Amino acid sequence: MLRQVPKNAMQANTDLSVLEPAFRQAIERKLIYDLGKTFEAATDNDWYHATALAIRDRIVDVWMASQQKTREQRKKRVYYLSIEFLIGRLLLDALTNLRMVEPARRALAGMGVDLERLRTGEPDAALGNGGLGRLAACFMDSLSALQIPAFGYGIRYENGLFEQRIVDGQQHEVPEDWLATGNPWEFIRPDTRVPVGFGGSVEDAGDAGPTGRALWYPDEVIFAVPYDTPIVGWRGRHANTLRLWSARASAPLHLDKFNRGDLVGATATRARAEAISRVLYPNDGTAVGQELRLRQEFFFTSATLQDLVRRHIDEIGSIDTLPDHAAVQLNDTHPAIAVAELMRILVDEHELEWNKAWGITRATLSYTNHTLLPEALESWPVELLGRLLPRHLQIIYTINWRHLREQDRRGLADPTFIKNVSLIHEDGERSVRMAHLAFIGTHAVNGVSALHTNLLRTNVFADLAHATNTRIVNKTNGIAFRRWLFESNPELTSLLTETLGERVLDDPMALREVERHIGERSFSMRYAHARMANKARLATLLRSKTGIRVDPQSLFDVHIKRIHEYKRQLLNLIETVALYQELRAGVDHVSRVKIFAGKAAASYDRAKLFIRLANDIGHVVNNDPAIDDRLKVVFVPNYSASLAEAIIPAADLSEQISTAGMEASGTGNMKLALNGALTIGTLDGANIEIRENVGADNVIIFGLTAEEVAQRQQDLYRGSDAIAASPRLAAAIDAIANGTFSDGDTDRYAPIVAALRDYDRFMVAADFDDYWKAQRSVDRLWRSPQDWWRMSILNTARMGWFSSDRTIGEYAADIWNVPVS
């Protein structure tokens, strides 16, 4: 029997006199009866698990009621497929959304336990790498907040991406161990496991030719076992499901081999199967790694589609109405194989005629593109796809044949055009273009910022847009304010609620009213004090993680994101060297702490070299008494959602300096601006919309535009031209080249220096002088506290539009056709 979910969740959840003793009793029972521990024997991890299980019980009541309502009213569901879900820690998130932070804090304190200690001891769920996964997590939060029935689908990675350790300044990857003590938030569902096939052969089942039904006989079957985590929405009104698949071998042990003494061979099949859900983004630089990546993507996509089709048949009955009851969103290109898999399910298993199946597939699926880089638009070798998924390659060939035949019928027979729109890339090794498949197999494709969407229309998918009736629409990304303001920055949130009232917690646009208080000295002082308190805490954290002491009075200059050439950590590092050289020469600059964090892909040698350079520069700068601590460089290892929650509220300056035209959107820029950091950035991704919302006078923009970058790339612009024209840039690069930061080793950074002097693809040298000038304008602002804090407050006040609630509302209305509560 479910406990009755309060209709007025806010009123129920703020009655401390009732909640505190009840919640204390619930924690006690979990500790004793679920964990088998006494108060005296319990560790912090035991108390964390007991608290999580107690709060999970309350979430389950909401969860079950939400599912029952969805079934009874036959509501349309959203199914969000993502290779990453960077959900971070869940304890504070759940308590915040249920409005139970204070009851939990008091209940635990009454037993001698500190909630903050439990919160910081919770492991980060290692289910993502960067913006893609964090966006998916924010969207799950907003789907529940807006009471839209939804499932998030992904993979339950046992060892995540990797734990980043810095040894001698270099990144070393070791397996994440986030499940070592169990995960109290999830429910395993072995009774609803799904078989996923690979390899084998295909046999025609009729005379309909390439569009007819076929029988696929896989020679390998792996079971996808679901683990469900309920995601509760704001004020506990609704909860959705994050379903993550874990791979299991159909036969976990070959007993005959085991009994013959072949202990390794006996478990080889199990190891091969379970590798699918072991690690996020395995190195695809080898044939084995590339095959594993494809196996991962098909594994979770196939399991998901089988699961949702089964649910639809059980609840509705007819497969014909699938688009009326299911909206499937492909988060980037990783699940693009969904087009072929859904066609297989409809044609082969449900025996639909091809045209009808194609109509259902396109009406059900939609696709979010997250990249403009050609190398990031996935393609799979025909040989690999045919060997692993022979039926799907047949379906893709048929889709392409009909697609190209339609172009010929329309008189679009130009060879270059046909080559551009074909699903098969014919130059060199033949491969299947997965972004093309996602484009023509869905009814809507969206970009994630205005600039990005425009570039999709005019560049990446320009020819495909003429070839199909797929709509290209914009849905600028958003962030969950509940996580990135209310939980991450409680001091600032307290100021905002005291000033504007609790409605600011429900309506992000209410932040705009902060502008009326900019002239109030007391408000500005409290705003600045909140920042200083966050900086002091971060300084303590940096000291504990890196051993580096920093002064909270300094300007905290923050560059936190995945390490990549287009994100241009290198540009920031070169400016750091130039700044260091001027400080040594006696030039007066404001005191700065340069804070870097981010992981480089294990196979991305150039990005890993940037990490080493950052640490080498820091080693020299941080130990030079000549500059009197006026500059510090800190690389914080093992960047995660929880680390971001500590850094972002303490940031003064937000580095958003990607090469214009290469960043799809960015969400770190939104989180930092919301918390009042000033943006220094290019006109790229969502920086453009941030400037439009907060005002051009409240951001610092520099650099080439996307159009100018494209022209210089076409001209194969050489960085040596910019270096020759800039003595400051030349001196900084020379210092890197001559071993100043590498103990005299002139070979260590030779690849970086050579790339800067040759084709400057990412416009690092080209943009340096303008970046330097922009940074000096930051110095001048910092020396004028009244102007700085005015700009900072205006950033917070004007960021309401970037709520992920707004983004999800737009998806619901324009793509999914589902109502919002």
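Let me begin with a term: a residue is called buried under 20% relative accessible area, exposed over 50%, and partly exposed in between, with a 1.4 Å probe and protein chains only. The structure is a predicted model, in which local features need pLDDT of at least 70 and side-chain atom pairs count only at pLDDT 80 or more, while totals for chains, interfaces and linings use all residues. Residues are numbered from 1 along each chain as its sequence is written, and side-chain values use heavy atoms, with hydrogens and water left out.

I turn to helix H19, residues 450-460; helices (H or I, at least four residues) and strands (E, at least two) are DSSP runs numbered from the N terminus. Leu451, His452, Thr453, Leu455 and Leu456 of H19 are buried. These buried residues pack against several elements, among them strand E16 (444-447) and helix H28 (687-694); contact means heavy atoms within 4.5 Å.

Next, two helix pairs. Helix H23 (residues 521-546) packs on helix H34 (residues 785-797) at about 80 degrees, their axes 11 Å apart, so H23 is roughly perpendicular to H34. That label covers 65 to 115 degrees; under 35 is roughly parallel, over 145 roughly antiparallel, and the rest oblique. Axes are lines fitted to C-alpha atoms, for helices over the stretch in contact, and angles run from 0 to 180 degrees between N-to-C directions. The residues of H23 that meet H34 include Phe523 and Tyr527, and Trp788 and Trp789 are among those on the H34 side.

Helices H7 (residues 131-145) and H35 (residues 804-816) pack at about 75 degrees, with axes 9 Å apart, so H7 is roughly perpendicular to H35.
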